[in-house]
Amino acid sequence: MKRILLALSASLCAVALAAAPSGAKSRAKPPQETEQPQDENKETGGIPRYQPFPHNQNFVLKEINGKAPPVEMWISIDSTGRANGFSGCKNWSGIFVIGPNRLGPRTMPAINERKCEGPLAALEHDYWAVLLSGPYWDTKGDDLILKGAQGGVLHFQRSL
């Protein structure tokens, strides 16, 4: 019985001693010093922060490869991965797998048979090249940015 009590008290002392120095260290640093290294980690590629995908919101294309589109092109993806949108000439719907930083097409989107002509056809081709490549996604405020795996950037802005 004495051995059990002795072992228990020794382990409690060890836990108390181990916890005391870490608490003292956190109290010794002012709050400003602890905030700065965290900000530096974000800039230097430290531990990535998790950000949820903006489900159930409509995004209008603001730029495609640095150029403003001549027509309103948009996309919306719900929480189950079902997506729909307008690619310049055609309405479409499909299913996407949403990863922590990538958007992968699960099936080929269903598209109506409307034809595009001239520069709008080239713009729509660039749109689909990025969207079907399994683009990397990122959000900044109200913006959704899709970067194609083989190049190309779609810059969307949340619509009201």
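What follows is a quick chat about this predicted model.

Q: How many helices and strands does the chain have?
A: Three helices and nine strands. Along the sequence they run α-α-β-β-β-β-β-β-α-β-β-β.

Q: And what's the average pLDDT?
A: The chain averages 78, and 69% of the residues score at least 70.

Q: Where does pLDDT stay under 50?
A: Over residues 12-42, and for that stretch the model has two contacts beyond four places in sequence.

Q: OK, on to the core. Which residues have the most contacts inside the largest nonpolar one?
A: Ile 75, Trp 92, Tyr 127, Leu 131, Leu 146, Leu 154 and Phe 156, in a core of 24 residues. S1, S2 (74-77), S4, H3, S8 (143-147) and S9 (153-158) each supply at least two residues to this core.

Q: Which element gives the largest share of this core?
A: H3, with six residues.

Q: Pick Leu 146. What is it in contact with, leaving aside its neighbours within four places?
A: Leu 103, Val 130, Leu 131, Pro 135, Tyr 136, Trp 137, Gly 152, Val 153, Leu 154 and Phe 156.

Q: What share of the chain is buried?
A: Buried residues make up 29% of the 160 in the chain. As for contacts between residues at least 6 apart in sequence, 45% of them join residues at least 24 apart.

Q: Switching to the disulfide. Which cysteines does it join?
A: Cys 89 and Cys 116, with 1.7 Å from S to S. The structure holds one disulfide.

Q: What's its handedness, and why?
A: Right-handed, because the torsion about the S-S bond of Cys 89 and Cys 116 is about 135°.

Q: Where do Cys 89 and Cys 116 lie?
A: Cys 89 is in the loop between strands S3 (82-86) and S4 (91-98), while Cys 116 is in the loop between strand S6 (110-111) and helix H3 (119-131), so the pair ties together parts 27 residues apart in sequence.

Q: Are Cys 89 and Cys 116 buried or exposed?
A: Both are buried.

Q: Now the aromatics. How many pairs are there?
A: Four aromatic pairs. One of them is Phe 53 with Trp 137: the ring centres are 5.0 Å apart and the planes sit at 85°, so the pair is edge-to-face.

Q: Which parts of the chain does that pair link?
A: Distant ones, 84 residues apart: Phe 53 is in the loop between helix H2 (31-43) and strand S1 (58-64), and Trp 137 is in strand S7 (residues 136-140). Both Phe 53 and Trp 137 are buried.

Q: What about Trp 92 and Trp 128?
A: Edge-to-face again, at 5.3 Å centre to centre with 70° between the planes. Trp 92 is in strand S4 and Trp 128 in helix H3, so this pair ties together parts 36 residues apart in sequence.

Q: Are those two tryptophans buried or exposed?
A: Trp 92 is buried, with a relative accessible area of 4%, and Trp 128 is buried too, with 11%.

Q: Which residues form the aromatic cluster?
A: Trp 92, Phe 96, Tyr 127 and Trp 128 form one.

Q: Last one: what lies over the face of Tyr 136?
A: Arg 102, at 4.3 Å from the ring centre.

How values were computed
Residues are numbered from 1 along each chain as its sequence is written. This is a predicted model: local features need pLDDT of at least 70, side-chain atom pairs count only at pLDDT 80 or more; totals for chains, interfaces and linings use all residues. Side-chain values use heavy atoms; hydrogens and water are left out. A disulfide is a pair of cysteine sulfur atoms within 2.5 Å. Helices (H or I, at least four residues) and strands (E, at least two) are DSSP runs, numbered from the N terminus. Buried means under 20% relative accessible area, exposed over 50%, partly exposed in between (1.4 Å probe, protein chains only). Rings of Phe, Tyr and Trp (its six-membered ring) pair if their centres lie within 6.5 Å; planes under 30 degrees apart count as stacked, over 60 as edge-to-face and the rest as tilted. A charge sits over a ring if NZ of Lys or CZ of Arg is within 6 Å of the ring centre and within 35 degrees of the ring normal. pLDDT is the predictor's confidence in each residue, from 0 to 100. Contact means heavy atoms within 4.5 Å. A nonpolar core is a set of buried Ala, Val, Leu, Ile, Met, Phe, Trp, Tyr and Cys residues joined through side-chain atoms within 4.5 Å.
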